[in-house]
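Open the model in a viewer and keep the selection panel at hand. The stops below go one selection at a time.

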Amino acid sequence: MNTLEKSYSGDTFQKQIAVIKKSVEEKDNWYQFMMKLYDLDPGVRKTVFENLLLNDSINGYAYQQEMSKKYNCNIPWAILLDPTSACNLHCTGCWEAEYGNKLNLSLETIDSIVKQGKELGCYMYIYTGGEPMVRKNDLIKICEMNPDCEFLAFTNGTLIDDDFCKEMLRVKNFVPAISLEGFRMQTIQDAAKVFSIKFRTL
């Protein structure tokens, strides 16, 4: 952070740098989260650092500001998209059952969205759904096609298997964010049902 503070002497990043430095000094929850990055595979850690911190947050931010002035609109630091409305579960209260599960973006459309985003300085992409992992092969292909971007998927986690874990380690720029819905006991009961069904089918 001291190096970044010297490198970016203007006002643009001083507030963000000050927040991070404060977290490090106080060893708060954000500091604990940052330190967990050191538990990652070294190649994944390096890619997350380059794509999220350098490409998107530092270099990308300056370009986003430039594009924002050029087009007179806000340029997001991250773009959210739904690769599919399909899901392998039918959770209580989820909109998926109401709206159906037949909507899908093609691989070419997803790649086009990412490429257009990069032209505006955006290098962070967040998948929602449906269940994005229904399209896990295509999501890995997008990672391969855009190695300078970081991809995060909100997922129920039930479609992540050993083979997909190996693929995540190979491409290095895909991160799952596993959703836990409901209070503690309900989450435990639901997870037990899901995983007992999964284990029986294996």
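Predicted model: local features only at pLDDT ≥ 70, side-chain atom pairs only at ≥ 80, totals over all residues.

A residue counts as buried under 20% relative accessible area, as exposed over 50%, and as partly exposed in between. With that scale, select Q65, which sits in helix α4, residues 42-71. Its relative accessibility is 37%, so Q65 is partly exposed.

Then select residues 197-202, where the pLDDT is below 50. Beyond near neighbours in sequence, this stretch has 2 contacts in the model.

**Helices α2 and α3**

Select residues 14-26 for helix α2 and residues 29-36 for helix α3. Two packed helices are described by the angle between their axes and the distance between the axes. Here the axes come within 7 Å and cross at roughly 90°. An angle from 65 to 115 degrees counts as roughly perpendicular, and α2 and α3 are therefore roughly perpendicular to each other. Show side chains to see the contact: α2 contributes I20, S23 and V24, while α3 contributes W30, Y31 and M34.

**The sheet**

Next, display the strands. How many strands does the open sheet have, and in what order? There are 4, ordered β1-β2-β3-β4, and the pairing is parallel. β1 (79-81) and β4 (174-178) are at the edges; each has a single partner strand, so one side of each lacks a neighbour in the sheet. Ignoring direction, neighbouring strands of this sheet are turned by 20° against each other on average.

Zoom in on β3, residues 150-155, which runs parallel to β4 and is joined to β4 by 5 bridges.

**Cysteines**

Finally, select the cysteine sulfurs. How many disulfides does the structure hold? The number is 0. Take C143 as a case: the closest cysteine sulfur to its own belongs to C149 and lies 9.2 Å away, too far for a bond. The cut-off for a disulfide is a pair of cysteine sulfur atoms within 2.5 Å.

Is C143 buried or exposed? C143 has 2% relative accessibility and so counts as buried. Switch to C73 for the last stop: C73 has a relative accessible area of 36%, which means that this cysteine is partly exposed.

Conventions:
Residues numbered from 1 in each chain as written. Heavy atoms only, no water. Buried < 20%, exposed > 50% of the residue type's maximum accessible area, 1.4 Å probe, protein only. pLDDT = per-residue confidence, 0-100. Contact = heavy atoms within 4.5 Å. Pairing = 2+ DSSP bridges. Helix = DSSP H or I, 4+ residues; strand = E, 2+ residues; numbered from the N terminus. Axes fitted to C-alpha atoms, helices over the stretch in contact; angles between N-to-C directions. Parallel < 35°, antiparallel > 145°, perpendicular 65-115°, else oblique.
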